Amino acid sequence: MALLEIDGLSVHYGDMRALAAVSLEVEEGEAVTVLGANAAGKTTLLRAISGLVPCSGGSITFEGQEITHSPAHERVERGLVQVPEGRLVFPFLSVLDNLRLGAYTPRARPQQEESLAFALELFPRLQERAQQMAGSLSGGEQQMLALARALMTRPRVLMLDEPSLGLAPLLVREVMDRITAIHQEGVTVLIVEQNVAQTLKLVDRGSVLENGEIALEGTAEELQASDEVRRAYLGI
């Protein structure tokens, strides 16, 4: 049984269909991507999995238990954690306070100091800026803070929404390297991205979402070799 299973998931915003019968599975320990252009439904998919938008059809199962209608905070407590597009750090709190807020759940609280040590080891730049206001960090540093704050929750599945958005190429590589390091520590990763070339270097397999539907699936190598992916997303 997959750690996370999405079966026939549909989402509507009023009369507008955002997702149509989307199905995918994420096994424990995998890194999986969902690729697609703007407005393909990628963010809606993550928000539905997180419990932030209601589903109009289908089901979401996590660790063998259906959570389709569970509230968002219960999903976080179970270890299903999203890093949203745009980072959404608390700008008027310090880096350290932002990190400690990530360990607010009963599940994460007992291991807060261990999680903090790991996060700061993984992101040494945050250690240097621990007392600095989060809003004064660069875009890349705020993305690192958002990733580190998510790690404080002790995630079973870490869901990332466009982590490279708005970053300079050098920072994109650094952020992707950190995501790879997180995955290598045993965290299951589900990443939604438009930066196809970088993302396919770090995942095991992926799906391509078009107009709210799964258009293509395969291993990272298969997607890299796909003429459709190369034309539409890699510019080849």
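Guide: The model is a predicted one, in which local features need pLDDT of at least 70 and side-chain atom pairs count only at pLDDT 80 or more, while totals for chains, interfaces and linings use all residues. Residues are numbered from 1 along each chain as its sequence is written, and side-chain values use heavy atoms, with hydrogens and water left out.

Visitor: From its first C-alpha to its last, what distance does helix α7 reach?

Guide: Helices (H or I, at least four residues) and strands (E, at least two) are DSSP runs, numbered from the N terminus. Helix α7 covers residues 169–184, which is 16 residues.

Visitor: Which residues of α7 are buried?

Guide: Buried means under 20% relative accessible area, exposed over 50%, and partly exposed in between, with a 1.4 Å probe and protein chains only. The buried residues of α7 pack against several elements, including β3 (31–35), α4 (112–122) and β8 (188–193). These buried residues are Val172, Val175, Met176, Ile179, Ala181, Ile182 and His183.

Visitor: Why is α1 described as largely enclosed by the rest of the structure?

Guide: The helix α1 spans residues 42–50. Its buried members are Lys42, Thr44, Leu45, Leu46, Ala48, Ile49 and Ser50. The description holds because the buried residues of α1 number seven of nine.

Visitor: Is Lys42 buried or exposed?

Guide: Lys42 belongs to helix α1. Contact means heavy atoms within 4.5 Å; leaving aside neighbours within four places in sequence, Lys42 is in contact with residues that include Val34, Glu162, Gln194 and Leu209. Because its relative accessibility is 4%, Lys42 counts as buried.

Visitor: Which backbone oxygen does the side chain of Lys42 reach?

Guide: A polar contact is a pair of N or O atoms within 3.5 Å; within protein, one must be able to donate a hydrogen and the other to accept it, and residues adjacent in sequence count only if both atoms are side-chain atoms. The side chain of Lys42 makes its approach at 3.0 Å. The oxygen reached is that of Ala37.

Visitor: What is the relative accessible area of Thr33?

Guide: Thr33 is found in strand β3. Thr33 is buried, and its relative accessible area is 0%.

Visitor: Which residues does Gly29 touch, not counting residues up to four places away in sequence?

Guide: Gly29 is placed in the loop between β2 and β3. With a relative accessible area of 35%, Gly29 is partly exposed. The residues that Gly29 touches are His183, Thr188 and Asp204.

Visitor: What is the phi of Ala21?

Guide: Most residues other than glycine have a negative phi. Ala21 lies in strand β2 and is exposed, with a relative accessible area of 51%. Its phi is positive, near 50°.

Visitor: Where is Arg154 placed?

Guide: Arg154 also takes a positive phi, near 60°. At a relative accessible area of 24%, Arg154 is partly exposed. Its place is in the loop between α6 and β7.

Visitor: How many nonpolar, polar and charged residues line the second largest pocket?

Guide: On a 1 Å grid over the protein atoms alone, a pocket is an open set of points where a 1.4 Å probe fits, with protein on both sides within 12 Å along at least five of seven lines; lining residues have an atom within 4 Å of a point. About 190 Å³ of space lies in the second largest pocket, and of its 17 lining residues, the closest to the centre are Asn38, Ala39, Ala40, Gly41 and Lys42. Ala, Val, Leu, Ile, Met, Phe, Trp, Tyr, Cys and Pro count as nonpolar, Asp, Glu, Lys and Arg as charged, and the others, Gly among them, as polar. By these classes, the lining has six nonpolar, seven polar and four charged residues.

Key:
Expected span 1.5 Å × (residues − 1). Points joined across faces, edges and corners; volume = space filled by probe spheres on them.
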